[in-house]
Amino acid sequence: MDLLKSKIKPMYFKYLVAASGSAMVASVFGMIDAMMVGKYHGPAGNAALAVFNPIWSIIFSLGYLAGIGGSVIFSTARGRKDEKTAQTYFTLSVLYGAALSALAVAGIGFFNEPLFRFFGADDELLGLAKGYLTPILFALPCCVFSCILSAFLRNDGNPGLATKAVIIGGIFNVIGDYLCVFVLDMGIFGAGLATAMGQFISVGVMLLHFAGKKNTLRIVKISQMGRKLGNITVTGFSTAINDLAMGVIGVLFNRQIMKYLNSDALAVYGVITQVTVFVQCLAYGAGQAAQPIISQNYGAGQNDRIKQCLKYGLYTSAVMGLCWTGAMLLVPKLFVNFFMTPTASVLKIAPGILRAYGISYILLPFNIFATYFFQAIVKSNISMVVSVARGVVISGGMILLMPMIAGSDSIWYAMLITEILVAAYGAWYMVKYTRKL
């Protein structure tokens with residue numbers, strides 16, 4: 001499809017199926033990890049994965065920083081028919097991803113114990129979290145490059161291959177989970193091993209793009225590297241913060257839950273983190289479907305096409321929010337029983353917690369989509385404010401203050417207040433800039 005000429009509606013939904021399918025499959029297989037570990041280790045396994053989740057946020061945020069940041073500029077340059085600049089940003093994104101991967105392997109490898117302690121681990125959870133990390137550490141560069149490659153494949157007209165790669169790697173992950181966790185009796189280490197091998201397979205499948213006829217990506221010589229690296233960082237920062245924010249929020253929740261509540265509540269929060277990852281990944285799909293279309297048309301000055309794509313993105317976000325809020329309100333026990341074999345005490349408190357937190361999902365997809373929209377029209381400052389406010393400033397303040405002001409159980413409403421305030425800000429600027437278009 002020609003991003004500058006094809007009909008917006010079928011093109012957007014084709015990209016949506018590919019992007020959401022890829023995100024959904026990846027998060028489903030993450031859920032399978034959590035389910036296997038929860039069934040094997042019980043609530044302690046889910047609590048350990050809640051402690052580990054900030055590490056995932058760090059890893060994938062690096063991939064989004066280099067991948068989304070570079071691919072947005074790549075696509076905008078192509079809209080202006082500036083192929084040399086487009087290929088320069090692809091090359092620099094690859095180099096940036098390699099450097100970030102090396103730093104992450106070194107930092108997490110050497111400092112994982114103090115990190116897990118900071119993330120809320122006690123002695124029991126520390127051992128489980130370290131067991132899961134051991135094989136993941138070797139696959140960390142693949143995790144980063146899966147984000148980078150999938151972003152550029154979408155912008156290079158091959159979103160389907162990115163989805164196939166995730167599905168193939170994910171199927172291996174599910175089969176490997178069962179074999180390693182239960183048949184080989186490896187427990188949480190086996191879940192980490194299966195996940196690591198699945199990431200290697202996914203990246204291997206994506207690399208097939210470079211041998212195909214659709215490929216137009218190539219490595220070129222780079223000039224003015226510092227300035228262009230800064231452009232990638234600024235452009236990709238808001239998407240990276242969206243993912244990193246899940247880790248920041250997770251750390252704050254872990255520590256506050258253990259301070260004001262107990263380990264049963266932390267086990268329930270482990271379920272919430274898995275569902276939130278799934279909802280957020282679907283919201284990424286809506287944003288990632290719109291981004292290449294909006295970026296190229298913005299570069300070409302075709303504003304009516306931008307407005308059409310925005311309309312479909314907003315519809316998609318609204319449907320996602322309503323569906324997931326409804327599911328959390330109506331069948332909370334379904335989620336608990338899926339992810340663990342709950343104790344009576346966990347099952348008693350879980351429905352109320354899930355319902356309270358789940359209301360926030362009604363605005364989560366819109367806020368994620370807004371960051372992609374502002375990136376695509378090169379309004380990185382607005383996108384950054386939305387991401388930082390949602391992921392650190394407002395959410396962090398609510399998580400820290402609400403238990404002190406309104407009691408321990410009020411912590412579950414912290415994200416609802418955050419999403420409302422951020423959505424109001426994002427909607428205001430979305431209306432403002434669309435009027436200018």
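**Notebook: loops, helix packing, a pocket and ring pairs**

I looked up Gln224 and found this residue exposed, with a relative accessible area of 53%. For the record, buried means under 20% relative accessible area, exposed over 50% and partly exposed in between, with a 1.4 Å probe and protein chains only. The model is predicted, so I note that local features need pLDDT of at least 70 and side-chain atom pairs count only at pLDDT 80 or more, while totals for chains, interfaces and linings use all residues. Residues are numbered from 1 along each chain as its sequence is written, and side-chain values use heavy atoms, with hydrogens and water left out.

**Entry on backbone angles**

I placed Gln224 in the loop between α6 (188-206) and α7. Helices are DSSP runs of H or I with at least four residues, strands are runs of E with at least two, and both are numbered from the N terminus. Phi of Gln224 is near 50 degrees, a positive value in a residue other than glycine. Most residues other than glycine have a negative phi. I then turned to Lys81, which is not a glycine and yet has a positive phi of about 65 degrees. Lys81 sits in the loop between α2 and α3 and is exposed, at a relative accessible area of 68%.

**Entry on helix packing**

I examined helix α2 (residues 43-79) against helix α8 (residues 263-300): the two pack at an angle of about 0 degrees, with their axes 11 Å apart. That angle makes α2 roughly parallel to α8. Angles under 35 degrees count as roughly parallel, over 145 as roughly antiparallel, 65 to 115 as roughly perpendicular and the rest as oblique. The axes are lines fitted to C-alpha atoms, for helices over the stretch in contact, and the angles run from 0 to 180 degrees between N-to-C directions. By class, I recorded 10 nonpolar, 14 polar and one charged residues in the contact of α2 with α8. Here Ala, Val, Leu, Ile, Met, Phe, Trp, Tyr, Cys and Pro count as nonpolar, Asp, Glu, Lys and Arg as charged, and the others, Gly among them, as polar.

**Entry on the second largest pocket**

Which helix gives the most to the lining of the second largest pocket? I found that α2 does, with four residues. The lining includes Val72, Ile73, Thr76, Arg80, Tyr89, Asn231 and Gln375. The elements that give two or more residues to this lining are α2 and α7 (225-260). The lining divides into six nonpolar, five polar and one charged residues. I noted a volume of about 170 Å³ for the second largest pocket. A pocket is an open set of points, on a 1 Å grid over the protein atoms alone, with protein on both sides within 12 Å along at least five of seven lines; a cavity is a set where a 1.4 Å probe fits but cannot get out, and lining residues have an atom within 4 Å of a point. Grid points are joined across faces, edges and corners, and a volume is the space filled by probe spheres set on the points.

**Entry on aromatic pairs**

I counted 27 aromatic pairs in the structure. The rings of Phe13 and Tyr312 have centres 5.7 Å apart and planes at 65 degrees, so this pair is edge-to-face. Rings of Phe, Tyr and Trp (its six-membered ring) pair if their centres lie within 6.5 Å; planes under 30 degrees apart count as stacked, over 60 as edge-to-face and the rest as tilted. The pair links distant parts of the chain, with Phe13 in helix α1 (residues 8-41) and Tyr312 in helix α9 (residues 303-330), 299 residues apart. Phe13 is partly exposed at 33% relative accessible area, whereas Tyr312 is buried at 14%.

I next took Tyr269 and Trp412, whose ring centres lie 6.5 Å apart with planes at 35 degrees, so the pair is tilted. Tyr269 lies in helix α8 and Trp412 in the loop between α13 (380-406) and α14 (414-436), so the pair ties together parts 143 residues apart in sequence. Both Tyr269 and Trp412 are buried. I also recorded a cluster in which ring pairs link Phe52, Trp56, Phe60, Phe116 and Tyr132.

**Entry on single residues**

I located Thr88 in helix α3 (residues 83-118), buried with a relative accessible area of 4%. Thr88 and Met225 are 137 residues apart in sequence and 9.3 Å apart in space, C-alpha to C-alpha.
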